[in-house]
Amino acid sequence: MVVAADRAATLARLTGADVDPRALATRLMFPTPYPLTDSPMWTGVHAVRPGRYLTLAHRDPRPRQVRWHRPPEPVVPLAPGARAVRTELAAAVALRTRGGGLVSADLSGGFDSTSVAFLAARDLRPDDLVLCTGADHTTDDALWARRAAAHLPGVDHDLYPPEEWGLFYEGLVDERDRFDNPCGIVTTRHRTTASVRRMAARGSRLHLTGIGGDHLFLGFPAHYHSLLLTRPWLSAQRLRGYRALFSWPWRDVLSALGDRRSFRRAFAGIDPRDTTAHELSTVRLAWQYRPRTAAWLTDDCVDLITEALAAAAPDLEPLAPTRGRHLELEAIDLTTRDMAAWHDVHRAAGVPIALPYFDDHVVTSALSVRPQDRTSPFAYKGLLTTAMRGVVPEDVLARRTKATGSAASAGGLRRHREALTALWDDSALARAGLVDTDRLRRICAVPDSPELAEAGLSATLAAELWLRGAR
């Protein structure tokens, strides 16, 4: 019998499936490369690829996957592409605001949430919308959020203090978690859900977010690896801009541009024992961000990763014919897969969330635009900025900064180092033979350790807490 569900964890529970140790090991890489991210975490459970649906025919025991969505060809110029993005994003927001009742929305001060908030304000009465901003004194987000809210008279703007927002690694363990995959939200649970906890107390029925805007509008410099052959002068100009922005060494840029390997050959070159941390100056023009493994993984874990890489290599094809397009589709697939866990966590905190940027019509409209019109070191999210002219005020669209969570992450490591160290005393990953807990304890006890660079610890924490819930 074939049984289908929208959650792999449900099927695993119903069938008593065992955790697949090879799939679990690959989630300890950062980032886990495509197509290893497609492998379900349990034996006997199979995945339906994004953009496909499952069909079960009467008298036919074999399930089939049918493709219903294909990524568009990126051929639309900026102006008509921006109009399409505006139309589709407005429709996606209107779909959520329809029906009345109090709706809340993030207003971080960034372009993504601000655009959604202003679109929602066009659809709702002022009394039916609450905007929510977590003030963080280490960034200028709150300043830009206040500036945006001033253009929406009558709409309540809830600005809450940083101590209520919290740091990373707070509230790590929640026994209600039953995720399909390890998900990094466990490391930011308290911080990520601060706004919906406040909005639940206000009676909000739905919370709008700007998640997905980065994936559609920041763009990938790797687009210019292929465009160099057809638009050499434009590509050279843009690559010079990225080199200056990220301090890329010219020698590394030229080496990356000379790398003309296929996706399959690049995948075959992944070294599962590479523990070298990425830096800001790491050139990112390849088919994938070089996966790395943390120094605390055991030899058995690395062997399982090696087996998984070898098993995936035959007949491997990229998601798109060029590096930039492959990377953006991989990022969208990976993030939307994680959103099931995000939905669970936010519902548990009191209010379901909505992600209008990830509606298929919005994604299609954005990816239809030519890469050179939506990816540039000289224009921050130029496609979204153009699309939102006339909706978001010009002085708000003038922002050129972007906040990160680095201060909250570093502060969380220091504040919660005792809890992080104690977490490994009874480690599920250690019982599975995948991590060296002595090394993890030593590293977590020293929050400024260079071995905690990047998100190796986040990936390990996500896998550890997922495995506890899965068993």
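**Entry 1**

I take helices (H or I, at least four residues) and strands (E, at least two) as DSSP runs, numbered from the N terminus. With that settled, I note that P35 lies in the loop between β1 and β2. The model is a predicted one.

The bond joining Y34 and P35 is cis, with omega about 5 degrees. I then went to P31, which is also in the loop between β1 (29-30) and β2. The peptide bond from F30 to P31 is cis as well, and its omega is near -10 degrees.

**Entry 1: L56**

I moved on to the loop between β2 (52-55) and β3 (64-67), where L56 is found. L56 has a relative accessible area of 44%, so I list it as partly exposed. Leaving aside residues up to four places away in sequence, L56 touches V2 and P63. I also looked up how L56 stands to D141: the two are 85 residues apart along the chain, and their C-alpha atoms are separated by 49 Å.

**Entry 2: α3 against α4**

I described this pair by angle and distance first. Helix α3 (residues 78-97) packs with helix α4 (residues 111-123) at an angle of about 60 degrees, and the axes are 9 Å apart. The two helices are therefore oblique to each other. The crossing in which α3 passes α4 is right-handed.

Which residues make the contact? From α3 I wrote down R86, L89, A90, V93, A94 and T97; from α4, V116, L119, A120, R122 and D123. Sorted by class, the contact of α3 with α4 has 7 nonpolar, 1 polar and 3 charged residues.

I followed up T97, a residue of helix α3. Its relative accessibility is 6%, so T97 counts as buried. Not counting residues up to four places away in sequence, T97 touches A120, D123, L124, R205 and L208.

I traced the strand order next. There is an open sheet of 5 strands in the order β6-β5-β4-β7-β9, and the pairing is parallel. At the edges stand β6 (156-160) and β9 (353-354); each has a single partner strand, so one side of each is left without a neighbour in the sheet.

I looked at one pair within the sheet. Strand β4 (residues 103-106) and strand β5 (residues 129-134) pair in the parallel sense over 4 bridges. What is the bridge partner of S104 in β5? I found V130 there.

Helix α8 (residues 194-202) packs on this sheet and touches β4, β5, β6, β7 (206-208) and β9. The direction of α8 makes about 130 degrees with that of β6. I listed the buried residues of α8 as A194, S195, V196 and M199. Just after α8 comes G203, with a positive phi of about 95 degrees.

I checked Y169, whose phi is near 70 degrees, a positive value in a residue other than glycine. Y169 is placed in the loop between α6 (162-165) and α7 (189-192). Is Y169 buried or exposed? Its relative accessibility is 6%, so Y169 counts as buried.

I then checked S247, another residue other than glycine with a positive phi, here near 60 degrees. S247 is found in the loop between α11 and α12 (250-258).

**Entry 3: α10 against α11**

The axes of helix α10 (residues 223-230) and helix α11 (residues 232-246) come within 7 Å and cross at roughly 150 degrees. Angles over 145 degrees count as roughly antiparallel, and α10 and α11 are therefore roughly antiparallel to each other.

In this contact, Y224, L227, L228 and T230 of α10 meet P232, S235, A236, R238, L239 and Y242 of α11. I sorted the residues of this contact into 7 nonpolar, 2 polar and 1 charged.

**Entry 4: E330**

My last stop was E330, in helix α15 (residues 323-349). At 14% relative accessibility, E330 counts as buried. Which residues does E330 touch, not counting those up to four places away in sequence? I noted T32, P33, Y34 and L319. Y34 is the residue that a cis bond joins to P35 in Entry 1. I also looked up E330 and V45: the two are 285 residues apart in sequence and 21 Å apart in space, C-alpha to C-alpha.

Definitions and conventions: Residues are numbered from 1 along each chain as its sequence is written. This is a predicted model: local features need pLDDT of at least 70, side-chain atom pairs count only at pLDDT 80 or more; totals for chains, interfaces and linings use all residues. Side-chain values use heavy atoms; hydrogens and water are left out. Axes are lines fitted to C-alpha atoms, for helices over the stretch in contact, and angles run from 0 to 180 degrees between N-to-C directions. Angles under 35 degrees count as roughly parallel, over 145 as roughly antiparallel, 65 to 115 as roughly perpendicular and the rest as oblique. A crossing is left-handed if the near helix is turned anticlockwise from the far one by less than a right angle, and right-handed if clockwise. Contact means heavy atoms within 4.5 Å. Ala, Val, Leu, Ile, Met, Phe, Trp, Tyr, Cys and Pro count as nonpolar, Asp, Glu, Lys and Arg as charged, and the others, Gly among them, as polar. Two strands pair if DSSP finds at least two bridges between them. Buried means under 20% relative accessible area, exposed over 50%, partly exposed in between (1.4 Å probe, protein chains only).
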